[in-house]
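Please examine the sequence and the structure shown below.

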Amino acid sequence: MTYRILPGLAALLAGAAAASLQGQDSPFGINGLGTPGRFESARARATGGAFAAFDPLSALTDASIAGLGRLTAIATGTTSYLSDDLGGASASRRASRFPLFQVGGPAWSRVVLAAGVSTYLDRTFHVEIEDTVTLAGSRQAITDNLSGDGGVTDIRVVAARRFGRLTLGAGLHLLSGSTRFQFVRNFTDTSSYGDVAQTGEVAYRGSGGSASAILTVGRQLELAGFWRIDSRLRSEENGEKVATNDLPTTYGGAIRWRPAPEAAVAASVTYRGWASAADSNAYNTTGWSAGAEFGRTVPLRVGVRGGTLPFGPGGRAPRETAFAAGTGRVFAGGRGIIDVTVERLRRTGAGLTETAWTVLFGVAVRP
Amino acid sequence: MSGRDLRRGAVVLAVGGLAALACFENPTSPAQCPTFCPVGGLETVESLLSTAIERDSSFAGYVQAHQAPVLIASSVPGVQSRPIWVSLPIDTRFRIDTGTDTTTGPIVVDSMKLTVTVLRADTAAVHNLRLSFYQLPVGIDTATTFAGLATAFAGTPLRTVNVDSLAALSSRRDTVTGDTVLALDSAHNRVALRLKFTGSQTGFSAADSGKLALGVIATGDNPPSIALGSVETGLGATAWWFYRVDSAGKLIRPDSLPLKAPDSLPAPPSFDSFVFDAPPVTLDSNLTVGGVPSIRSLLRFNLPRGLRDSTQIIRATLQLVPAGAAVTTTDSVFLRVKRLLADLGAKSPVVVDTLVASSPPFAGVPSDTVRIEMTTLFRLWQADTNAVTAVYLSLLRLDRVDSIHLSGDEAGTLAALRLFSSRSSAFRPSVRLTYVPRVKFGAP
């Protein structure tokens, strides 16, 4: 029975209550819509995301949930330790997120249904700026603390069905969520100038649809293709529209080869058309990944991924590269799964270098 | 407990610990604006609202001389002022016996001690501040004028006291005259004195039931402009009559009488005021403040709704251009702004609280624009949109300065200042506003 891993799942969910359902934030996203989330489970992330298109615990494709042979609930948590270096100024950050929750299982006539929430855009940030402004003819020292906490969440309902060697899937997506902003300005000359604090909560609305297919070729090869389109993202404050942004069309493909029962390698490529989402500092992105998994009981997973980020200053898309490794363990006759992944990430662009160590935990329960 | 259970427990603890760690977050990243800062950050705007003051006017007669918190004593030529007061009557006869004999005996005053508080005794500026006490007719009242008392002040004073010399005594007591310094507050230039009047100096009149009217002329090496405490602030000059009771030619100490009468009788003022020769101040198209009776100016603020509702004001400065003086003195004065509870013109009630604004102190006519910081009041008007956006502007004599506020008295100075009103297009009052517009959150 799964009772053995239930305490772990409970602890993870308790942490979820304390933290937010967001992905990994980045300074590159502050000036844009945010930092896009990754729809990958901890085990897929260990392969650089290369297995995500085939992974029923991930939320990248719809067709992959056909692999859920029984009712399954999954949760993924991450803790990141990040360092930023901006023109010699460095800072350290720490962020904990729960970017993926999903429940799915067989429904009827070999149709598998799943529903879940995942991070679409992370808009959490905090910057402290010390500057001077000219007021009444003299320079006044100020300190600004600008912060945002929240993001856009993807709520999805998907269905998939196997038709022999072909698996088809489709999904509906609702984009929701909010960000609480707080901008504070403190003047050094408090006798002349009062402090300023402005707060606001921006809510987001949007929708989308997705479709995907997985084709099994022979006994060792699988091919996946996926496509997703989203409506415009509407941002509202106090019920009033403050912005509308185009959201990208996403498509990509992946290949997985299993030369032996205990070995598999995969690669994937994903394109997202973010350029129309914002101004000249928004770019279309292409991401790639490659990874492998060895073993069954305590598998070893390794992977690498790279690509570009959709937002960043300087007229060129920031680049990112990550290496990951991880393992997992199946408990209670397959009723419980725990996956652990460690990832090393490096992002560069416009004079900023961001590096991160991220630890991911994935818990799956099959009652 | 088996090893398996221990391992299981360790796993649960580890997961719980990691979940607890997830509660802590530090999202601060290095800032380089605008490239790595949110779009539409805080912006500070300065704006000169030249028409923010409208329908402004001046009204006279708020605080009369006899209502003033201080009694002005000035010998500055052209603005001479003399405190006057009359004390309450006292019992002039006491019963000699407790028995059936109801015979009373008259009191015989042998001395009088006057407690008086000298305010603004600026010894550094004046030197040898002297107070000369004159006996006045007991019929003085609010109609009494400077000219009407000229004869009384032309006579010989009952006593003259050198305040500086007395305050400089280490023992704080003059054993020859019997004068005593009761309190000396050098920080606020305040001296409380008890002055002894003996014999004919007492001015006692049984026919007037002991009522005594006194007037004071203050002099010094330089013409002083000081003040004495008044009844309104509890610092009115009080006469203490020391007496004996005449029992068939024998003077008896009152405390030896069977009824144990007190050995001195207090006589606080029943009326106090001051008379002065400063010219009367007439109102014109300018804004006028100060003088006695005090004159206030009513300023109505027209704060644009867009600024009131959609900005955060961080500094608001009222700018007033002086147009000259109606009456000039050497007093240190400042302008005070008090908000109104309701705008009823000349009879508008003011809000009694600490939300006031003041100009820096000055003397005479300011050589530059007078600036009054009104940030707190403007923020209040933003928070309470039903509040009346009108204020009274008044000229106060500077009493003291602490770390936060100036304090002073209305009708505590004869100085009167004129400021350009909104009827002067070139020099009309204005407001310099510094504010932060509402940030448009959420727009990348």
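How many bridges join strand 20 of chain B to strand 25 of chain B? Four bridges link strand 20 (residues 311-320) to strand 25 in chain B, and the two run antiparallel.

## Basis of the model

This is a predicted model, in which local features need pLDDT of at least 70, side-chain atom pairs count only at pLDDT 80 or more, and totals for chains, interfaces and linings use all residues. Residues are numbered from 1 along each chain as its sequence is written, while chains are lettered from A and ligands numbered from 1 in the order in which they are written.

## Chain A

Chain A contains two helices and 18 strands (DSSP runs numbered from the N terminus: helices are H or I with at least four residues, strands E with at least two). The C-alpha trace spans about 75 × 40 × 35 Å along its principal axes.

## A sheet in chain B

In chain B, four strands in the order 2-29-20-25 form an open sheet with antiparallel pairing (two strands pair if DSSP finds at least two bridges between them). Strand 2 (45-49) and strand 25 (370-373) of chain B each have a single partner strand, so one side of each is left without a neighbour in the sheet.

Within strand 25 of chain B, I372(B) is the bridge partner of L318(B).
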